[in-house]
Amino acid sequence: MTPSPTSPSALLEFLRTSYPSAVSSSACETDISALSHQIFPSNSYTDNEKIETSQWLTTSSRLATPDEDEAKHAERLGSLNIHLSTRTTLLGSKPSVADVALYYSLAPAVKSWSAEERTGEHGYHNIVRFIDFVQNAPLFGLSIKDEDKVDIDLNDVKFVHKPLDAKEEKERKKKEKAAAAAVAAAAGGQSVLPIGKGKGEDNSKSSKKEQARDAAAKAEDKVKSALTGENTQQPKKEKKEKQPKAQKQPPKEIPLSPCLIDLRVGHILKAENHPNADSLYVSTIACGDASGTENTSEYEGQVVRTVCSGLNGLVPLEEMQGRKIIAVCNLKPVTMRGIKSAAMVLAASPRLKEGEEDSHKGPVELVTPPADSKAGERVIFEGWAGEPEGVLNPKKKVWEMLQPGFTTTTGLEVGFDMDAVPQLQGEGGGQKPIGKLVTASGGTCTVKSLGNAVVR
């Protein structure tokens, strides 16, 4: 059959054609993300790999959308091309249903690409290689006629990116190190020694002569002393008393303040049920992190964090999709039922009355930033400006001490009430009792209907 990605049902039919024993006739579109193990039974998949597979399925469906913005489409292709530059499959070397879905989505487009688009200097070399691998590898065993495959000439390469030569790279680093040593020696008024030689090798002859002269002089002094009874040796120099080393000052204690908590606007790109916990969602959230930041990954060309939140059953899943939230970004990451969570989503819930136990039944409302705010924008409480900690030390319990001050007002604005934090009593210093949670432009974070509520 000729791949023509138009809908998830068309993809499902393509999977049935290639894997009739793995994809039953009763399987529906929502089952696609769980088909990897049935199609490739010799492979097992971790929870993180299952999440990643689901994310790539979403990407493949978006790449097949004909009316997608051209710039966004090119951005997705560029990100995918970079991802595949060091991988055979989307998961690295392990096959998954996402590989088949991506092939199904992209094959028609790759067919129409020019040679320059395929293998030119700015072409998608790695995507073309991936397409050729998936359609021909016995590992996938796709049921495609030869005439329906993408015609790829492996010898028609318009531009070859020069691979990094390990020997040349080593030599280059060696020269850079030698040059840096020469600059440092010149700055210190020292003569530069040849690489691989030390002072002892250059001055070995002169130092031996000096040692011989010193030994002869000492012998002569001993003879004179024995004949005259006089001590001709120079008096020994008195040893200088060593000054005690200055003790290192203990690190300066940073005053307790809500500014230590890294609160940012987050954009939920995708949310789904946790595969191992009924009460949890797993969200893919853009928080404005730089590429390569620890505990982040890339999704649809954006740097994202994976975040687990206990909102399943309290906030409808459809309300989690594509919305902006406030994220706590400097808590130490924790693994929740097999998936590492690298942030926390702020939400409000009613304040418990005295003696009342928390039944965790809600209602719960997500904290909403201003509509014009952007992912990664920092938010602070008015009157508590300052820089956040890198990662909060769990032993110092900073979040646990400050969280009781997180509240909503009767006007449904999110704020910080220092009177609710015992450790801050007497530390007012002219600061407002309740500081609103605001963006740099002054917009206030709010909730939908819960006034005088707890925020956590």
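Predicted model: local features only at pLDDT ≥ 70, side-chain atom pairs only at ≥ 80, totals over all residues.
**Close-up 1. Helices α1 and α5 cross with nonpolar residues at their contact.** Two packed helices are described by the angle between their axes and the distance between the axes. Here the axes of α1 (residues 8-18) and α5 (residues 97-112) come within 11 Å and cross at roughly 115 degrees. The crossing of α1 past α5 is right-handed. On the α1 side, the residues to look for are A10, L11, F14 and L15, and they meet V97, V100, A101, Y103 and Y104 of α5. Sorted by class, this contact has nine nonpolar residues, with no polar and no charged ones.

Close-up 2. A search of the whole structure finds eleven salt bridges.

**Close-up 3. R16 and E13 pair within helix α1.** Side chains of opposite charge can pair when their charged atoms come close. In this view, R16 and E13 meet in a salt bridge at 3.4 Å, N to O. Both residues belong to α1 and sit three residues apart, about one turn of the helix. E13 has a relative accessibility of 41%, so E13 counts as partly exposed.

**Close-up 4. E300 and R62 link parts that are 238 residues apart in sequence.** The side chains of E300 and R62 meet in a salt bridge with an N to O distance of 2.4 Å. E300 lies in the loop between β3 (297-299) and β4 (302-309), whereas R62 belongs to helix α3 (residues 47-63), so the pair ties these parts together. The relative accessible area of E300 is 9%, which means that E300 is buried. R62, at 29%, is partly exposed.

**Close-up 5. E389 sits in the loop between β11 and α12.** This loop runs between β11 (379-381) and α12 (398-402). Leaving aside neighbours within four places in sequence, E389 is in contact with I254, L260 and N330. E389 and N330 are 59 residues apart along the chain, and their C-alpha atoms are separated by 7.2 Å. With a relative accessibility of 28%, E389 counts as partly exposed.

Conventions
Residues numbered from 1 in each chain as written. Heavy atoms only, no water. Axes fitted to C-alpha atoms, helices over the stretch in contact; angles between N-to-C directions. Helix = DSSP H or I, 4+ residues; strand = E, 2+ residues; numbered from the N terminus. Left-handed = near helix turned anticlockwise from the far one by under 90°. Contact = heavy atoms within 4.5 Å. Nonpolar A, V, L, I, M, F, W, Y, C, P; charged D, E, K, R; others polar. Buried < 20%, exposed > 50% of the residue type's maximum accessible area, 1.4 Å probe, protein only. Salt bridge = Lys/Arg side-chain N within 4 Å of Asp/Glu carboxyl O.
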